[in-house]
Amino acid sequence: MSGGMRGLGRAGRSRGRRRARSARRPRPAPLPLSRLLGGALTRLLGGALTRLAERRARREESRSAGDAGRSLYRLHPDGRGVRYHVYAGGLRRGGPGGVVVYLDGDYWLPALSRFHRPRGRTMRGLAATAAEHGAALVAVDTPDRAVGVGGLTWWVRHRENARWLRGFLDVLPTLLPFRPRHIWVMGYSGGAELLAAELRRLLPSGAGPGETDPADAGAWETVSAGADPGEAEPAEGPAVPLAGAVMVGGGDPGNAPVPPPGEHAGLPLLWWIGDRDGSPDPPRPLWSAARAAQRGATAYRAAGWTGASLRVVPGTGHRSYDLPAVLRASLARGGRG
């Protein structure tokens with residue numbers, strides 16, 4: 001009995017010494033929030049919040065009498081779906097001149113994305129601005145589903161995502177209650193990066209001279225709204241011509257080739273950058289929105305795109321752009337809605 005008591009005493013003293021040593025040991029610094037957000041917890045939480053956002057969008061769709069709709073399509077060969085919102089309003093009978101397709105920036109969680117706030121001030125403002133010019137607004141979510149560097153992005157897989165976007169633009173007229181005459185594309189931040197790097201896939205020819213990609217053709221197939229997937233016809237080219245591109249808070253083509261302009265030299269390609277938007281981005285610490293916009297506009301002008309221009313927005317940082325005002329000025333500068 002006494003030996004057992006002595007053993008327990010030694011064990012207790014050992015535990016006490018370990019506690020004392022651990023108390024003297026400095027506590028490790030807490031992990032940065034970005035590290036925590038970039039891990040498995042973010043993927044799990046992001047997936048759950050995405051599903052919640054989709055359910056909320058479906059509820060809003062049923063209440064909005066079709067003004068902001070969504071559907072699902074499948075892109076071969078990877079089966080990624082599309083989430084989009086259509087803002088047509090009273091344009092159905094008026095015969096709109098065009099469509100503005102909007103791509104938002106990167107996000108970690110749906111709550112941080114304008115796309116997932118379809119009734120928010122910015123999205124409603126963009127829709128109203130498009131309507132002023134006789135155009136509908138179509139907001140499209142990135143097809144990426146795996147959280148990676150930067151969260152969910154347009155630019156990380158820019159080649160695949162550009163082919164995907166090209167396919168969506170090909171079938172876009174079948175999703176609308178009218179036949180648009182032309183399309184404007186507008187991207188913010190990561191969306192602007194995608195447009196600058198992959199504009200050649202969105203041109204009326206589908207690519208710059210000598211750069212046609214066979215993967216761009218016949219990529220889409222309807223899988224929703226009661227359609228028979230076997231009835232979808234391959235897309236032979238963009239169904240609606242591109243009228244212009246607007247890139248806000250970014251727009252660097254990077255290592256992607258800038259296509260020769262050919263007959264599209266005067267196409268309005270408009271970069272907008274805030275005078276306070278240096279924007280070093282935590283996922284890309286060496287990236288700057290201001291530098292990206294300057295490089296993009298310079299590269300396209302050097303390649304012969306006479307319609308390329310860079311505009312500075314006074315008093316504006318990366319998170320404070322008035323996107324409806326930028327769109328209004330762009331459509332007015334481009335001369336058509």
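Two strands count as paired if DSSP finds at least two bridges between them, and strands (E, at least two residues) and helices (H or I, at least four) are DSSP runs, numbered from the N terminus. This is a predicted model, where local features need pLDDT of at least 70, side-chain atom pairs count only at pLDDT 80 or more, and totals for chains, interfaces and linings use all residues. Residues are numbered from 1 along each chain as its sequence is written, and side-chain values use heavy atoms, leaving out hydrogens and water.

**View A. Strands β3 and β5 side by side.** Here β3 (residues 98-103) and β5 (residues 182-188) run parallel, joined by 6 bridges. Look for Tyr102, which sits opposite Met186 in β5.

**View B. The open sheet.** Its 7 strands go β2-β4-β3-β5-β7-β8-β9, with mixed pairing. At the edges are β2 (84-87) and β9 (308-313), each pairing on one side only. From one strand to the next, the twist averages 15° (angles run from 0 to 180 degrees between N-to-C directions, with axes fitted to C-alpha atoms, for helices over the stretch in contact).

**View C. Helix α6 against helix α7.** α6 (residues 158-175) packs on α7 (residues 190-198) at about 85°, axes 10 Å apart. The two are therefore roughly perpendicular (65 to 115 degrees; under 35 is roughly parallel, over 145 roughly antiparallel, the rest oblique). Touching residues (heavy atoms within 4.5 Å) include His158 and Leu165 of α6 and Leu194 and Glu198 of α7.

**View D. Helix α5 with helix α9.** The axes of α5 (residues 121-132) and α9 (residues 323-334) come within 8 Å and cross at roughly 20°. That makes α5 roughly parallel to α9.
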